Amino acid sequence: MRLKIMTLFLGFLAGTTAWAQEPEAQTETLPKWHYNLHGTTSGRITTGTFRQLVLANQAEIEFSSRRWHFSNLATYRLNKTNGFSIENDWYELATTSCYVKGEKLFPTGFYSFDNNLVFRVDSRHLGGLGLSTQKKWAHGFSRLDLGAGYESTLFNGTEFENSDLIGSKREKTLVMMRILHRHQLLKGKIIFSNMIFYRHSLKEKQDFFLRIAPSLSLKITKGLSVSANYIFRFENVHLSALSDTNSLLAFGFAYQFQTL
């Protein structure tokens, strides 16, 4: 509980600090439609006594205008070691926002799908609606989403820690919060970004999930950078024999294409 409260406080503090800065009137200079494509990729292959194939790819494409914003984030991880699949995981998040009266407060719809071998998730569907606010300035961007939705998840298992419910399929209504932050340093040569996501079930008060994903990229040439990504996740209700706390640190290349 202390971890949850502290993390939420730090997230809100980071977001409100960013919003307090002076914005840059970028929307007036945008073309009718603006797109941005950003991706990272890494992998390795080993042969012989130890045989392994590892791929980690992520791509995000955004379309925006003065009134609309569409975003689709897709992540795929494959890890086959000595013929066994350790990871074959897909995650996708699609969001749609409408700037009804500017970017101070606007509605957002979202849908996500994922599966995960390590956490024994065969399929998870999550969708909902919410309200968002965002702030842009010369070298950064910050956004807060608050919403409610519905989740339907099929697990490869039936017994869970911190829950009396038994069964491989779990369905629930929930509330969610997401904070996005991005800041450029040294004239855009270094970019720091962070995402904090929190969801809490309305069915069981002890069922909550937290994910923090900061990343850092260093520009090599126009459109190409090296990147480091860290993911921390905490899930209070989880399948027996799994850990509630997990993390991942990855290195790779990032590439970006966007309109001028």
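In this predicted model, a network of salt bridges links D114, R124, E151, R199, R233 and E235. The total count of salt bridges comes to twelve.

D114 lies in strand β5 and R124 in strand β6, so the bridge ties together parts that are ten residues apart in sequence. Both D114 and R124 are buried.

The second pair is E151 and R199. Here the N to O distance of the salt bridge is 3.3 Å. Strand β7 holds E151 and strand β10 holds R199, so this pair ties together parts that are 48 residues apart in sequence. E151 has a relative accessible area of 2% and is buried. R199 is buried too, because its relative accessible area of 8% falls under 20%.

M176 is 23 residues away from R199 in sequence, yet the two are 4.2 Å apart in space, C-alpha to C-alpha.

Another salt bridge joins the side chains of K136 and E103, at 3.8 Å, N to O. This pair links distant parts of the chain, 33 residues apart: K136 is in strand β6, and E103 is in the loop between β4 (84-98) and β5. The two partners fall on either side of the 20% cut-off for burial. K136 is partly exposed because its relative accessibility is 21%. E103 counts as buried because its relative accessible area is 17%.

Rolling a probe the size of a water molecule over the atoms shows where empty space is left. Two cavities of 30 Å³ or more are present in the structure. The largest cavity has a volume of about 80 Å³. Its lining comprises 15 residues, and the closest to its centre are E151, K172, D207, E235 and V237. Among these, E151 and E235 also belong to the salt-bridge network. The strands β7 (140-155), β9 (169-185), β10 (190-201) and β11 (208-212) each supply at least two residues of the lining. By class, the lining has seven charged, six nonpolar and two polar residues.

E204 and V237 are 33 residues apart in sequence, with a C-alpha to C-alpha distance of 9.5 Å. E204 is found in the loop between β10 and β11. At 10% relative accessibility, E204 counts as buried, because the cut-off is 20%.

Strands β2 (52-64) and β3 (68-81) are the elements that give two or more residues to the patch. I61 belongs to strand β2. Its relative accessible area is 31%, so I61 is partly exposed.

Backbone geometry was considered last. Most residues other than glycine have a negative phi. R120 and K187 each have a positive phi without being glycine.

For R120, phi is near 55 degrees. R120 sits in the loop between β5 (106-116) and β6 (121-137). With a relative accessible area of 27%, R120 is partly exposed. For K187, phi is about 60 degrees. The loop between β9 and β10 contains K187. K187 is exposed because its relative accessible area, 84%, is over 50%.

The loop between β5 and β6 thus holds R120, while those two strands supply D114 and R124, respectively.

Methods. Residues are numbered from 1 along each chain as its sequence is written. This is a predicted model: local features need pLDDT of at least 70, side-chain atom pairs count only at pLDDT 80 or more; totals for chains, interfaces and linings use all residues. Side-chain values use heavy atoms; hydrogens and water are left out. Helices (H or I, at least four residues) and strands (E, at least two) are DSSP runs, numbered from the N terminus. Buried means under 20% relative accessible area, exposed over 50%, partly exposed in between (1.4 Å probe, protein chains only). On a 1 Å grid over the protein atoms alone, a cavity is a set of points where a 1.4 Å probe fits but cannot get out, and a pocket is an open set with protein on both sides within 12 Å along at least five of seven lines; lining residues have an atom within 4 Å of a point. Grid points are joined across faces, edges and corners, and a volume is the space filled by probe spheres set on the points. Ala, Val, Leu, Ile, Met, Phe, Trp, Tyr, Cys and Pro count as nonpolar, Asp, Glu, Lys and Arg as charged, and the others, Gly among them, as polar. A salt bridge is a side-chain nitrogen of Lys or Arg within 4 Å of a carboxyl oxygen of Asp or Glu.
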